Protein chains: 2
Amino acid sequence: MLIRPRLLVDEHRCRRNIERIAEKADRSNTQFRPHFKTHQSVEIGRWFQDYGVTGITVSSPEMAAYFAQDGWKDITIAFPFYPGMVKQLKELNKTCSLRVFVNSADDLEVLQNHLQNPVRIYIELDAGYGRSGLSTSKPEAIHKLIRDMERYPIAHFHGFYIHDGDTYSARNRKHILDKVQRSIDALQYWKNEYPSAKISLGDTPSASVIETFSGIDECTPGNLVFYDRMQVAIGSCTPDDMALFAELPIAQHFPGQNRAIVHGGAAHLSKDSIETEGIKIFGQRVVRTDNKVELMDDSYLTALSQEHGTLSGTDGLEPDRQKTVLIAPVHSCLTANLFSSYETFGGRTIQKRVLS
Amino acid sequence: MLIRPRLLVDEHRCRRNIERIAEKADRSNTQFRPHFKTHQSVEIGRWFQDYGVTGITVSSPEMAAYFAQDGWKDITIAFPFYPGMVKQLKELNKTCSLRVFVNSADDLEVLQNHLQNPVRIYIELDAGYGRSGLSTSKPEAIHKLIRDMERYPIAHFHGFYIHDGDTYSARNRKHILDKVQRSIDALQYWKNEYPSAKISLGDTPSASVIETFSGIDECTPGNLVFYDRMQVAIGSCTPDDMALFAELPIAQHFPGQNRAIVHGGAAHLSKDSIETEGIKIFGQRVVRTDNKVELMDDSYLTALSQEHGTLSGTDGLEPDRQKTVLIAPVHSCLTANLFSSYETFGGRTIQKRVLS
């Protein structure tokens with residue numbers, strides 16, 4: 001009997017998802033440097049080693065330190081460098097080869113003054129997504145930063161990075177390909193300007209749908225290990241690729257209203273949502289077997305409080321017998337971030353990093 | 001220099017918020033049994049003892065166990081009982097006086113079969129909010145459940161509970177009062193039916209704005225210790241009552257675009273949002289002094305990735321000097337849930353419970 005909400009990981013599907021991208025990267029002679037912010041688990045991290053992965057991507061120095069303790073030595077911190085990071089980078093820099101994102105000569109100065117060993121520098125490009133990095137609409141600032149690096153022996157210019165979050169607003173595979181083309185064009189433009197630079201592409205939707213990474217030196221998708229309901233909606237995977245599920249106790253069932261209250265709220269799923277068929281949803285009920293993950297029609301988490309979830313669409317649930325539901329989360333990265341461990345469908349506990 | 005996002009607690013404001021409700025409850029001869037899911041901290045829990053609080057409310061058996069270890073002995077678990085809870089309740093029941101929410105005779109049977117000491121039973125009423133509990137539109141089911149309790153010596157009928165989450169959709173104080181009246185009427189109707197039953201009202205908006213709790217036996221608001229930007233929007237507090245802030249490093253500043261990227265994303269703030277002036281926001285920049293909390297006009301977190309926040313409205317921020325911003329979260333309960341500790345403005349660390 002389930003005593004509280006838990007996260008279930010389908011190891012077989014995770015490995016299949018990893019392998020698919022690793023092979024695509026391999027065929028394109030592209031380095032697969034997966035983003036580990038999604039799972040935040042040393043054990044799941046080791047699964048990637050079976051598919052040739054030796055370098056990883058994280059989103060903070062703390063997360064880098066967590067994986068460095070497990071022996072990872074080649075780590076990209078895919079977040080704009082700020083001076084507060086430097087103390088932790090100094091420690092990490094003793095044992096790891098680090099890659100950091102730098103946006104200004106001031107940051108180079110801080111790195112030079114505090115680090116002992118060289119770090120590789122990525123310039124994060126903003127080709128229109130509008131988040132962090134240097135805008136490709138102002139090329140002179142990019143050229144200048146590359147020239148600035150020559151003054152700082154600690155800084156080895158490595159290349160250009162784009163995480164194109166705009167692909168998350170796509171609605172089908174073609175839409176993803178259209179959107180990411182802008183980023184690929186920008187990376188290739190800068191590769192022509194600096195032929196020795198490496199170019200790196202970050203998001204899961206484009207990594208999932210492009211035929212080949214050909215011409216791209218590195219790819220850093222993260223979500224692909226688990227996928228989720230949002231990725232199904234975008235068209236970057238099928239329901240059967242989803243590998244992370246929240247199992248939630250049914251706390252109160254209203255069969256006459258086709259509705260139930262489950263133990264699973266914003267503290268378990270996060271409040272990330274998508275719209276499907278005009279309804280805002282926080283997850284969808286699934287039936288999972290080894291061979292198939294089936295999305296249950298019209299069975300959604302439609303409201304979340306901190307601990308309560310409202311499941312609309314309970315047809316087929318037997319009120320007295322089946323006391324839990326399996327939910328495909330909307331955004332697996334944020335759901336995983338809210339738990340302190342996973343369980344496999346084989347019943348084994350997998351530890352993960354806890355909170356920031 | 002701030003090395004990562006942190007949560008800052010204003011102890012003075014917390015205590016003022018606690019005291020205000022404790023005194024209002026005291027004047028009305030109402031028991032204040034605050035919900036501790038908001039702060040999830042034994043130290044902050046002890047602050048409430050200074051204002052006469054001896055019984056508390058939590059949302060899971062785990063959270064009850066966390067506070068029981070610190071000596072709390074009178075605990076309400078404000079979540080519909082489900083059979084998976086019983087093992088933990090059995091343990092808690094050895095040292096604590098427990099109050100649980102029960103919706104069916106089946107649940108009473110499970111409690112009778114597993115617990116050794118009596119528990120007090122609340123019937124959660126749904127007076128129209130549409131979440132958990134028994135609908136007041138079907139009074140016979142409520143009467144029947146009360147009769148059912150007589151067959152189970154373990155179950156001591158205690159009273160009726162309403163958490164009226166509908167007040168969170170209010171837009172001003174009068175609107176809150178209008179909405180909560182439905183719940184108060186329902187509680188008083190059932191008190192008339194069962195005069196020895198206690199009636200208990202749960203939400204922070206109504207606890208904050210009603211003049212008196214007169215006629216209500218217990219109140220269980222939680223958010224009131226910190227308040228947040230949502231409560232300001234609803235009209236249940238002033239900006240100056242807000243007592244929890246996220247301090248976030250500025251990672252990249254685009255002064256020409258009136259925009260910055262901060263280290264603070266969905267993994268720190270949660271994705272809960274409100275609309276203000278037609279914009280969806282995840283937090284607002286503030287300037288805090290001991291005397292005042294000032295909301296900065298047009299300075300909002302307008303987009304969150306897992307670790308990145310986009311701050312729109314950076315006027316007045318000096319790019320080179322002031323390297324952090326202070327953010328009033330939209331929903332302090334969910335923000336607090338994402339951190340493993342707090343710091344006071346005096347520089348002291350306060351531990352809290354970590355994850356579920």
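Predicted model: local features only at pLDDT ≥ 70, side-chain atom pairs only at ≥ 80, totals over all residues.
Leaving out neighbours within four places in sequence, Thr302(B) is in contact (heavy atoms within 4.5 Å) with Ile279(B), Lys280(B), Phe282(B), Thr310(B) and Ser312(B). Thr302(B) sits in strand 16 of chain B, residues 293–304. Helices (H or I, at least four residues) and strands (E, at least two) are DSSP runs, numbered from the N terminus.

Residues are numbered from 1 along each chain as its sequence is written, chains are lettered from A and ligands numbered from 1 in the order in which they are written, and side-chain values use heavy atoms, with hydrogens and water left out.

**Accessibility of single residues**

Buried means under 20% relative accessible area, exposed over 50%, and partly exposed in between (1.4 Å probe, protein chains only). Here is how several residues fall on that scale.

| Residue | Relative accessible area | Class |
|---|---|---|
| Asn17(B) | 0% | buried |
| Gln40(B) | 1% | buried |
| Val42(A) | 18% | buried |
| Thr302(B) | 26% | partly exposed |
| Asn172(B) | 38% | partly exposed |
| Glu277(B) | 61% | exposed |

Let us look at some of these in their surroundings. Asn17(B) belongs to helix 1 of chain B, residues 11–27. Not counting residues up to four places away in sequence, Asn17(B) touches Leu224(B), Val225(B), Phe226(B), Tyr227(B), Asp241(B) and Ala243(B).

Most residues other than glycine have a negative phi. Gln40(B), though not a glycine, has a positive phi of about 50°, and Glu277(B), also not a glycine, has a positive phi of about 50°. Gln40(B) is in the loop between strand 2 (31–32) and helix 2 (42–49) of chain B. Glu277(B) is in the loop between strand 13 (274–276) and strand 14 (279–281) of chain B. Gln40(B) is buried, whereas Glu277(B) is exposed.

Asn172(B) is another loop residue, placed between strand 8 (155–162) and helix 7 (173–193) of chain B. From Asn172(B) to Gly347(B) is 175 residues in sequence and 35 Å in space, C-alpha to C-alpha.

**Helix 3 of chain B and its partners**

Helix 3 of chain B is mostly covered, with 7 of its 8 residues buried. Those buried residues are Pro61(B), Glu62(B), Met63(B), Ala64(B), Tyr66(B), Phe67(B) and Ala68(B). They pack against helix 2, strand 3 (56–58), strand 4 (74–80), helix 4 and strand 20 (349–351) of chain B.

How do helix 3 and helix 4 of chain B lie to each other, and at what angle do their axes cross? The axes of helix 3 (residues 61–68) and helix 4 (residues 86–95) of chain B come within 10 Å and cross at roughly 20°. Axes here are lines fitted to C-alpha atoms, for helices over the stretch in contact, and angles run from 0 to 180 degrees between N-to-C directions. The angle makes helix 3 of chain B roughly parallel (under 35 degrees) to helix 4 of chain B.

On the helix 3 side of chain B, Pro61(B), Glu62(B), Ala64(B), Ala65(B) and Ala68(B) meet Gln88(B), Leu89(B) and Leu92(B) of helix 4.

**Helix 6 of chain B**

In helix 6 of chain B (residues 139–149), the buried residues are Ile142(B), His143(B), Leu145(B), Ile146(B), Asp148(B) and Met149(B). They pack against helix 5 (105–114), strand 6 (119–126), strand 7 (134–135), strand 8 and helix 7 of chain B.

**Chain A**

Chain A has 11 helices and 20 strands. Its C-alpha trace spans about 70 × 40 × 35 Å along the principal axes. Buried residues make up 64% of the 356 residues in chain A. Of the contacts in chain A with a separation of 6 or more, 63% are between residues 24 or more positions apart.

Val42(A) lies in helix 2 of chain A, residues 42–49. Setting aside neighbours within four places in sequence, Val42(A) is in contact with Tyr66(A), Phe67(A) and Asp70(A). Val42(A) and Ala68(A) are 26 residues apart in sequence and 9.5 Å apart in space, C-alpha to C-alpha.

Definitions and conventions:
Parallel < 35°, antiparallel > 145°, perpendicular 65-115°, else oblique.
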